[in-house]
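Please walk through the interface between the two chains shown here.

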Protein chains: 2
Amino acid sequence: MSKGRVTIPTDDNFIKETLEIVEKWGADAIRDCDGFKLPREIKGLAERIYSTYFVARGDNAWAEANKEELQQTYLMTKHHVAAGETLTINIMDGYFAEQVQPDTYHDIKTWWEVIDRTTDEVVGVDSWSYDEEAQTVTIEGAKSWHEYTVSFLAYCIWDPTQMYNHITNNWGDKPHEMPFDARKPKTNEYIFKAMYKWLDENPESNVVRFTTFFYHFTLVFNDLAKEKFVDWFGYSSSVSPEALEAFEKAKGYRLRPEDIIDEGYYNSSFRVPSKQYMDYIDFQQQFVSENVKKLVDIVHEDGREAMMFLGDNWIGTEPYGKYFESIGMDGVVGSVGGGATLRMIADIPGVKYTEGRFLPYFFPDTFYEGNDPTIEAKENWITARRAIMRKPLDRIGYGGYLSLAYKFPKFVEYIEGVCNEFRDIYDNIAGSKPYCGLKVAVLNCWGKLRSWQTHMVAHALWYKQIYTYLGVIESLSGMSVDVNFISFEDIKETGIPSDIDVIINAGDAGTAFSGGDTWLDPQVITTVRQWIYNGGGFVGIGEPSAVLKGGHFFQLAEALGVDKELGFSLSTDKYFKTALDKHFITEDVIEAIDFGESQKNIYATKASTEIITYENGELLMSSNDYGKGRAVYIAGCPYSPQNTRILMRSFYYAAHKESEMKKWYADNLNCEVSAYLDTKKYAVINNTMESQSTMVYDGQGKAISIDLKPCEIRWMNI
Amino acid sequence: MSKGRVTIPTDDNFIKETLEIVEKWGADAIRDCDGFKLPREIKGLAERIYSTYFVARGDNAWAEANKEELQQTYLMTKHHVAAGETLTINIMDGYFAEQVQPDTYHDIKTWWEVIDRTTDEVVGVDSWSYDEEAQTVTIEGAKSWHEYTVSFLAYCIWDPTQMYNHITNNWGDKPHEMPFDARKPKTNEYIFKAMYKWLDENPESNVVRFTTFFYHFTLVFNDLAKEKFVDWFGYSSSVSPEALEAFEKAKGYRLRPEDIIDEGYYNSSFRVPSKQYMDYIDFQQQFVSENVKKLVDIVHEDGREAMMFLGDNWIGTEPYGKYFESIGMDGVVGSVGGGATLRMIADIPGVKYTEGRFLPYFFPDTFYEGNDPTIEAKENWITARRAIMRKPLDRIGYGGYLSLAYKFPKFVEYIEGVCNEFRDIYDNIAGSKPYCGLKVAVLNCWGKLRSWQTHMVAHALWYKQIYTYLGVIESLSGMSVDVNFISFEDIKETGIPSDIDVIINAGDAGTAFSGGDTWLDPQVITTVRQWIYNGGGFVGIGEPSAVLKGGHFFQLAEALGVDKELGFSLSTDKYFKTALDKHFITEDVIEAIDFGESQKNIYATKASTEIITYENGELLMSSNDYGKGRAVYIAGCPYSPQNTRILMRSFYYAAHKESEMKKWYADNLNCEVSAYLDTKKYAVINNTMESQSTMVYDGQGKAISIDLKPCEIRWMNI
């Protein structure tokens, strides 16, 4: 039986049972847990002991003594209409006074902004005043019936993660941890000293698990102490006068509060990012990475490893950012919700190892009498496994209270199997790259920076507006294609890499994922158009290349052979409404196709458009030849085995490589094949909880029939 | 038995039976029909004899001799991508050579335009050439991978209506009627002479039925001789060098071809109209009206009446246009598809009488053995009758072959009843205005000009994208409210009339009906906002006031209390998802509400928003108090009795006049009440083919119970 590559939590007075689980699961690492500190005697019980460390909170004495160095955030008030010349706005209306407070320490006339949202004009600083006691801004000489907002700088007086846990778990009078800002001079000095001190005081662990670093993603609560705004990628709580002044020096121009506020959208990753915001991200990533590197160096000097938790205070250390690799982090650990989140972790460049925290957490919401936690564990494992086959994590692990899990022997046994299966996969792959039939690129405004993170709002939560596109990423995570994330800036700078077979553009009109106004840049549209025309494959999902101009809504309408009716072209007769009887892309379809939120009013613009699916007066899937290339349209693609197959066939079809598809391929769409030519092994997985039979094709297209048990993985030699 | 107010067609050798029908239906007018000329002996058989007259076609000898004076149209080619520096475009590709031909008589470098649609730049005239034989434009020095179109001026060599009839009815080698242009000098002189001549040669009629005048709405066929583009309101076939030069003199600036071409949308009425296009409409309406007035004067001199058919060549004489009343037309006749089209005719100002042509036409598609034409007749009558109650036509009539209808005695009898019922209604109303509980205004870019014609593409056809909004107009046509159509320009010029209770804004984002960018005009948005805030009622349907700016998609989001999620505000938590148990607006609802195409992603922005309907994660109906006013949101409103009731209740609710609703009101939503206080009569109608019972409320709100037979109208004295 193999050993290692597995991390487990432990519990109070649970040493004996912990060792039992260590043995059973082959664990080589033990970690602490939120609200639970490892006992000293843990040292030596496993090869690796992880200790959680917070850089920017947890020392309220320091925070209290240096309140002007607390972290800050930009906030916008509600819209207020001026019914007369004087308008008074309660700036804290709707915000949680225990989380944020207006910053009057820095000059408000410099750092705040009052905006006439009806004209976009900034109200002159002489035309408004602030009443500190009432926390109101009063505008004099307001234009009647215009709407106004106040953008103000606030201090964060409660760390959002601790606040969340505190409120959720009713921690009562436990002190509110105040987050301090590594950019401020005294605090910057302090955090390095504190690091040394902590290492001295915590000799039991050999891995420092940073949770995480300097700035939390945007998480703001409302006046009812509930979440008001959450953006897993948001930078608005990383601002400060010091940062903005340093930005001006570094980039040569000054940011406005509005560059962060962004009409109240706070540069959500769905917004086509402005140059200012991209510059700000770059600026903060550089600062954070430089300073985190110093912390990591201290950890290394002490002979220990540094590990980063992907999430919470990760702003500036996004692992696909420009400066991340320079930090020299040893490992990254993150939570695995499915294939996409697994690849987000597994694909991180420049670290020695990656680790995935699997579901379920050992918490009472799952581990209660009468419930079977193996069900969630199985679903999580099957969903993640197909991604592991493409790019394995180096380690897996679990969180929560081990004593709870221990009470469910069936679960303990199931996880034993998972751990063995994982190590088996890892050993069989042995660092080699699986066979990829195609190279595909997801094209959007974010490119590499948001690899595997497109269309997400708050980590792994379901939103009605995103599952239709997240499905594409989830499908890709386990597909035998080479996946790249490229941005419009990339293709402007260096063109489209010549080895790309298919470009994917998926998203709602106007968003950074579809591209919005970016498509109006002649260089962008002509680069993509030329590339398709000369033989490239394009797969557009939802509202690809959508922005109204020049007689098209889809700027690639001529390539796609479809466009969306916005009402303006109703006068043009639509004649092409008949779907083909059969098509390469839908050959394996076994049930009604699920287009998720789908699209309305898509129509074929020419007779030559191959209509693949047409239902209730709506075109939902099509393909069109354009020059030597081909462009496929799909109205939406939530994750399912069938949609994964449809998507893969779309890629092969768009690339004109239909004949090459049946290599290392299973014709049963519930099964997938991964081949590792370097290690001369291949595996067939069953992604369902039922038995499956399938023909499996080898690299020459020679097929054999095999039967798989529920969830089975079958390894074979080449 | 009453007589008159009814027009019937006749037929070959059918004099005796015609007289029989005249007697039975009480008809006082006989009309000719397409392809059938009244016999001389018809004179005197009825009080009124109508003869169809075409002003601008029907004399091919003239047309042939003056080919340079044929009507013209602006056409745009398909989009063509430049794969290299030279790009050749076949300009007639996709057009019907028998209908249109490029105009090379006028200088093509002056009147044509080659456009780079990727940059919106006009290609210099030296960079392209035209091969007259091949009908191709060749661009030299094209920018690779940019898309180009050619806008060219063409001659119309076949009148669209005759072409349609010719092709549809297989008229074989019957000559193609060529349309000549009243603006060209020789033709202008000709049409007046022709009018005199025709009057001399056709003494049998006393009413000249113009079908219609100078310019056909845009109707272009494709290379398969099928409809390619149809816009009932389109002006693009009214252009010519002469017109455009006269425009320049009149308006002081020159139009570009693009002002007519409009990226290939040809200024569809869904497009927010440009100033240039509005100027052109005004310019053409003035010219057409002036010249039509001369024709009408000639008819009057001859002691006859002039009647206009609403449709076909009506461009320039739209009856709600600025100059229409100055023509002095006696009557207008149009086809009645339902309530909205009836009101479109009945409400026309400045004519002595209006006439509606009812369905079905006496054509073999309905009048065939085994079919019951009374079914369609009944539906048509019931739908139209509720509008007649609000504003009656002065006359009704039928079209087709009388000999066909004659073979269906049940039908003949049913129409006898309709004719009597119509005359009864007309006499009881006696020109008085029915009681209106509220004054509502439909606000869009077109205002009065397109009264009752909003959201239409081709007259009375069903389109998936319009029925959801057409329903609002159809509901209004028979509702006991005073209906006005106002434009954004109106409210900029004169504000919102003080007696308006409710403003309705209905349509898809970006369209002229919703308003698109017009809402970004501070004067527009502040005028509406102020008006609501000070007590006005607003009902927004679909995507009212929608255009992304300043943190809102609905510019009236603060008033409506709802906005639409485009993805940018997903980070903002949405907490308000619970519909009220009951609400004034939905009190009468008896079945699932039909929102038609409905809307996705509408959400309440504040706790105070009253959510009236919330289904499958979508807000579909709501209300919000804003200052002293109120704004109701409805996701869509196709026509039905129930939606009519919902709409009416929305108006009363928005206007804060709930307590005044039950006056001249029937609580059964299948019934409606119209009260004529001047003539001291009121009527209750049953809009269904089933019996109905209802409480009927008088002007004091006193109720009585009454039972109505299917389709019944019950008259009572006040």
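Across the interface of chain A and chain B, 29 residue pairs are in polar contact, both residues at pLDDT 80 or more. A polar contact is a pair of N or O atoms within 3.5 Å; within protein, one must be able to donate a hydrogen and the other to accept it, and residues adjacent in sequence count only if both atoms are side-chain atoms. On chain A, β15 (227-231), α16 (522-533), β24 (546-549) and β29 (618-626) each supply at least two residues of the side that touches chain B. Helices (H or I, at least four residues) and strands (E, at least two) are DSSP runs, numbered from the N terminus. The largest share of that side, six residues, comes from α16(A).

This is a predicted model: local features need pLDDT of at least 70, side-chain atom pairs count only at pLDDT 80 or more, and totals for chains, interfaces and linings use all residues. Residues are numbered from 1 along each chain as its sequence is written, chains are lettered from A and ligands numbered from 1 in the order in which they are written, and side-chain values use heavy atoms, with hydrogens and water left out.

Charge also bridges the chains. The count between chain A and chain B is six salt bridges (a side-chain nitrogen of Lys or Arg within 4 Å of a carboxyl oxygen of Asp or Glu). A:K600 and B:E597 meet in a salt bridge through their side chains, at 3.3 Å, N to O.
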